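This report describes one protein chain for a reader who has not seen it before. The sequence and the structure come first, and the notes follow.

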Amino acid sequence: MANNDPNDAPRAFSLRFHLEEAVLLVLLILSVTGVGVTNFSPDDGYWYWTAMVFVFAIAAMITGRLHAKKNDHVVKKVLVVQAFHWLGTLLAMIAIFSMQYAGVLDAQATGLIILLILALATFIDGIRLGWRFSLVGVFLGVTAVLAAHVEEFAWITVLLAVFLFAFSYFTGSFRTRKRLKNDSV
């Protein structure tokens with residue numbers, strides 16, 4: 001028997017908002033952590049960012065699942081697209097590693113390029129999943145540029161991450177309240 005409770009849709013929308021905010025917060029925290037790791041040790045940094053491909057892929061699949069309809073066919077399609085998207089990202093990173101091992105790139109350049117690849121993949125995935133993922137991609141891209149040009153970039157990225165999360169939270173909260181108000185009318 002179907003549950004036709006009129007409160008289910010607003011609750012589901014609110015829950016999705018909170019889950020998306022949680023995913024954004026986790027990705028920003030992991031990104032800021034990666035900035036610290038990369039700043040301390042470029043060699044460890046590019047390994048960290050490569051591991052983050054798997055974390056970002058899982059986060060993208062969770063978010064994609066939230067956005068997909070309950071139809072199993074749609075969910076499977078979303079998950080397949082996500083898997084290929086992030087597999088392509090991983091393969092690009094492996095290609096960059098091979099260039100470093102061949103002596104074409106040093107560890108610092110490799111770390112920055114890996115970060116830019118992750119930024120681009122995250123930004124593009126945000127086009128499908130929602131603006132919060134794109135926001136993380138922009139954050140990662142700005143971080144890579146800052147790392148290349150500013151000596152003490154870590155604190156700037158922490159402040160930027162806090163600003164972006166606050167912006168996302170307040171923008172999302174406003175939209176959620178507006179939607180819930182419109183749904184109750």
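## Around W86

W86 touches V53, F56, A57, A60, L118, A121, T122, D125 and F133, leaving out residues up to four places away in sequence. The model is a predicted one.

W86 is also one of the residues that touch the most other members of the largest nonpolar core, together with W49, F56, L118, F133 and L140. That core holds 35 residues.

## Overall layout

The chain has 6 helices and 0 strands. Along the sequence the pattern reads α-α-α-α-α-α.

Of its 185 residues, 41% count as buried. Among contacts between residues at least 6 apart in sequence, 67% join residues at least 24 apart.

In soluble globular proteins, nonpolar side chains tend to be buried together. In this model, the largest nonpolar core has 35 residues. At least two residues of this core come from each of helix 1 (8-40), helix 2, helix 3 (72-101), helix 4, helix 5 (131-149) and helix 6 (154-184). Helix 2 contributes the most, with 9 residues.

There is also a second, separate core, made of 6 residues. Among them are V35, L112, L146 and F153.

## Helix 2 against helix 4

How do the axes of helix 2 and helix 4 cross? The axes of helix 2 (residues 42-67) and helix 4 (residues 107-129) cross at roughly 5° and come within 9 Å. Angles under 35 degrees count as roughly parallel, so helix 2 is roughly parallel to helix 4.

On the helix 2 side, the contact is formed by P42, D43, Y46, W49, T50, M52, V53, F56, A60, T63, G64 and H67. On the helix 4 side, the residues are A107, Q108, T110, G111, I114, L115, L118, T122, D125 and L129. Together, the residues of this contact divide into 12 nonpolar, 8 polar and 2 charged.

## The salt bridge

How many salt bridges does the count come to? The count is 1 salt bridge. R128 forms a salt bridge with D125, and the closest N and O atoms are 2.7 Å apart. Both R128 and D125 belong to helix 4, where they are 3 residues apart and so separated by about one helical turn.

The two partners can also be described by their accessibility. D125 has a relative accessible area of 0% and is buried, whereas R128, at 41%, counts as partly exposed. D125 is also among the residues that W86 touches, and D125 is listed in the contact of helix 2 with helix 4.

Q100 is in helix 3. With a relative accessibility of 14%, Q100 counts as buried, because the cut-off for buried is under 20%. Beyond its neighbours within four places in sequence, Q100 is in contact with D43, Y46, L105, D106, A107 and T110. Of these, D43 and Y46 are listed on the helix 2 side of the contact with helix 4, and A107 and T110 on the helix 4 side. Q100 and T110 are 10 residues apart along the chain, and their C-alpha atoms are separated by 6.6 Å.

S134 lies in helix 5. The relative accessible area of S134 is 11%, so S134 is buried as well. Apart from neighbours within four places in sequence, the contacts of S134 are T122, F123, G126 and I127. T122 is also a contact of W86.

Key
Residues are numbered from 1 along each chain as its sequence is written. This is a predicted model: local features need pLDDT of at least 70, side-chain atom pairs count only at pLDDT 80 or more; totals for chains, interfaces and linings use all residues. Side-chain values use heavy atoms; hydrogens and water are left out. Axes are lines fitted to C-alpha atoms, for helices over the stretch in contact, and angles run from 0 to 180 degrees between N-to-C directions. Helices (H or I, at least four residues) and strands (E, at least two) are DSSP runs, numbered from the N terminus. Angles under 35 degrees count as roughly parallel, over 145 as roughly antiparallel, 65 to 115 as roughly perpendicular and the rest as oblique. Contact means heavy atoms within 4.5 Å. Ala, Val, Leu, Ile, Met, Phe, Trp, Tyr, Cys and Pro count as nonpolar, Asp, Glu, Lys and Arg as charged, and the others, Gly among them, as polar. A nonpolar core is a set of buried Ala, Val, Leu, Ile, Met, Phe, Trp, Tyr and Cys residues joined through side-chain atoms within 4.5 Å. Buried means under 20% relative accessible area, exposed over 50%, partly exposed in between (1.4 Å probe, protein chains only). A salt bridge is a side-chain nitrogen of Lys or Arg within 4 Å of a carboxyl oxygen of Asp or Glu.
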